[in-house]
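Have a look at the model first, then read on.

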Amino acid sequence: MKKVFLLLLFVAVLASCKSDDDSTSSALVQFQFSQNWDGTAVTASDIDNTVYTNENGEELKIARLRYLLSRFQLSSADGSNTLLNTYQLIDLSDASTMQSDSQVTVPEGTYTVSMIYGFNDEDNVDGAYADLNAASWNWPTMLGGGYHFLQFDGMYNVNSSEPKPFNFHNGTARVSEGVFESNFVEVDLGTITIDGDTTINIQMNIAEWFKNPNTWNLNELDTPLMPNYEAQIMMHENAQSVFSISQN
Amino acid sequence: MKKYVLSIAVLTVLLFVSCSDDSNPDEPGYEPIPYTLELPPIFDRINPPSIPSDNPLTEEGVALGKKLFFDPILSGDNTLACAGCHKPANAFTDDATLSIGIDGEEGIRNSMPLFNLAWNTNDFFWDGAANTLEKQVLEPVANPVEMHEDWENAVAELSAHPQYPEMFSKAFGTSSIDRDQVAKAIAQFMRTMVSGNSRFDKYLLGELELTESELNGFDIFMDEDRGDCFHCHGNPFNPLWTDNQYHNNGLDETFDDRGRGLVTGDPMDFGKFRSPSLRNLAYTAPYMHDGRFETLDEVIDHYSEGLVYSETIDPLMKAVAEGGVQLTTEQKEDLKAFLLSLSDPSFINNPDFQN
């Protein structure tokens, strides 16, 4: 018995020696999510509360903000990719959604970080995810199915006598009946240096949805936007600059 | 989901075998028999139900809970059972506008139907005042406008009853009765009340064809240009047909009942109520938290032309400036036909849920 144990110990030590030899030390990488309006943090307490002014000058309040991110990827200069093949439904009203349960271990070094806003075509399968179904996150089959990428609801012209609702929802774009165009975005989040365990904070600047390249006029495009092809594509274009990263 | 049921079944057998020697509740190590929750196939589409680890479903617990649910013993004058305001024929709500307690007094709200509660991961009641089903059970018994009973008294009556002491001991392995066990047993029973066998479910499973009108109604329900009901009331991949979240759906300009605001104290929650499921509407009239609408036609008219603005209105009530989504008479009929296809006669007739 003792012998077997010693032998096992020997093998274990040998194995660990071996891996020490040919790799630099590795780091644990976690992901968290946050929201801001041009740099000012937006949290659950701002819901229905804080008034924001968008690029086009409309004063608005946020009632609900949920969005889907997936396939977080770290690519190193030598071409090796580490994919965290998971998805996260982030809900401004629910702090528990601001941290991913999944994590990856990578060798220390410099990486380009990327992710998918929404689901790519392979993942965006009608009804495929029980937790997202339970959250009623589905995108209607008549509009191409799969899931919402973004649900951003609120009121605008809030300081006028007649505040009006907007439903800024994004997902697959319907070109015409039965013809659909995928609308996810592969977001390049820039480069980071990992030298030890770290948390990558993926930030959403909510103001950017209304800004770049398309200045959004809520008075013209408030609701319904889901079946509106042009609106869906404009959101897609604006999504590129919405996300950025920081490290803590 | 099949796997889930299977593993529960295997576990049941294992436990059964391991318990067969010490099935006397008074012996240490006694375990009641785990209850197998049979899930309709449509429930594959969402997460499994959330059963609290400190109150697993057991055969004995569910049987006890059922007996308690139908027994007026829990009310002050032994005249009103839970089932008095939660009637099987009404999908376990009642047909009164506002529920009436044992002293003949009206409460402030319409009773709620009871089904698929095991999947509600949000809080209970119209305003979310109870955060678990166990806590919820404690409320109506003591509520003066409902069962108006003193818990000590209820426990004393149960302890003196010819059958209850043994049933409690079999369900919980203890010799004394307390109110938490009453709550646990009834909560267990209510978690077994699953409804998932409507015409629409069968349509989704490919077992029948819907009528033209039902299908049109479904399209209206899902169409952001027309009904746009699905953002709050679910879709074919969510068999609950509710998001269980709080919304103000444009019923009032000012609020007699602050709804969610009563619980949070936040003025921006005034007039918000938890979205009800759209299953079993054929049996659950009148509608809304205060039972203001007698018919589904009135409900549909509300969404079509009757919306009123207030500060907390949900932005999903997009057409509030025009009073609503402006459906034609034919669209209203179609929408109603679809809504009714979500009703499940096999649920209200299920002998497992009858006295």
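A:D48 is buried, and B:K272 is buried too; here buried means under 20% relative accessible area, exposed means over 50%, and partly exposed is in between, with a 1.4 Å probe and protein chains only. One thing to keep in mind is that this is a predicted model, where local features need pLDDT of at least 70 and side-chain atom pairs count only at pLDDT 80 or more, while totals for chains, interfaces and linings use all residues. Residues are numbered from 1 along each chain as its sequence is written, chains are lettered from A and ligands numbered from 1 in the order in which they are written, and side-chain values use heavy atoms, leaving out hydrogens and water.

**Salt bridges between chains**

- A salt bridge here is a side-chain nitrogen of Lys or Arg within 4 Å of a carboxyl oxygen of Asp or Glu.
- Helices (H or I, at least four residues) and strands (E, at least two) are DSSP runs, numbered from the N terminus.
- B:D269 joins in as well, linked with A:D48 and B:K272 in a network of salt bridges.
- Over all chains, the structure holds 22 salt bridges.

**Salt bridges within chain B**

- The side chains of B:K332 and B:D301 meet in a salt bridge at 2.9 Å, N to O.
- That one links distant parts of the chain, with B:K332 in helix α13 (residues 329-340) and B:D301 in helix α12 (residues 296-306), 31 residues apart.
- B:K332 counts as buried because its relative accessibility is 18%, whereas B:D301 is partly exposed at 31%.
- B:D223 and B:R226 form another salt bridge, at 3.0 Å, N to O.
- In that pair, B:D223 is buried at 13% relative accessibility, and B:R226 is partly exposed at 26%.
- B:R109 and B:D257 also meet through their side chains, at 2.7 Å, N to O.

**Two domains in chain B**

- Chain B is split into domain 1 (2-194) and domain 2 (199-347), with bounds that come from an automatic or database domain assignment.
- Their C-alpha centres lie 28 Å apart.
- The contact (heavy atoms within 4.5 Å) takes 35 residues from domain 1 of chain B and 32 residues from domain 2 of chain B.
- About 2700 Å² is buried between the two domains, and carbon and sulfur atoms give 60% of that; buried area is the accessible area (1.4 Å probe) that two parts lose on being put together, summed over both.
- On the domain 1 side, B:I42, B:R45 and B:W126 lose the most area to domain 2, together 25% of what that side buries.
- The count between these domains is 1 salt bridge.

**An enclosed helix in chain A**

- Helix α3 (residues 229-239) of chain A is largely enclosed by the rest of the structure, because 8 of its 11 residues are buried.
- Among the buried residues of α3(A) are A:I233, A:M234, A:M235 and A:H236.
- The buried residues of α3(A) pack against strands of chain A, including β7 (109-117), β9 (164-170) and β12 (185-194).
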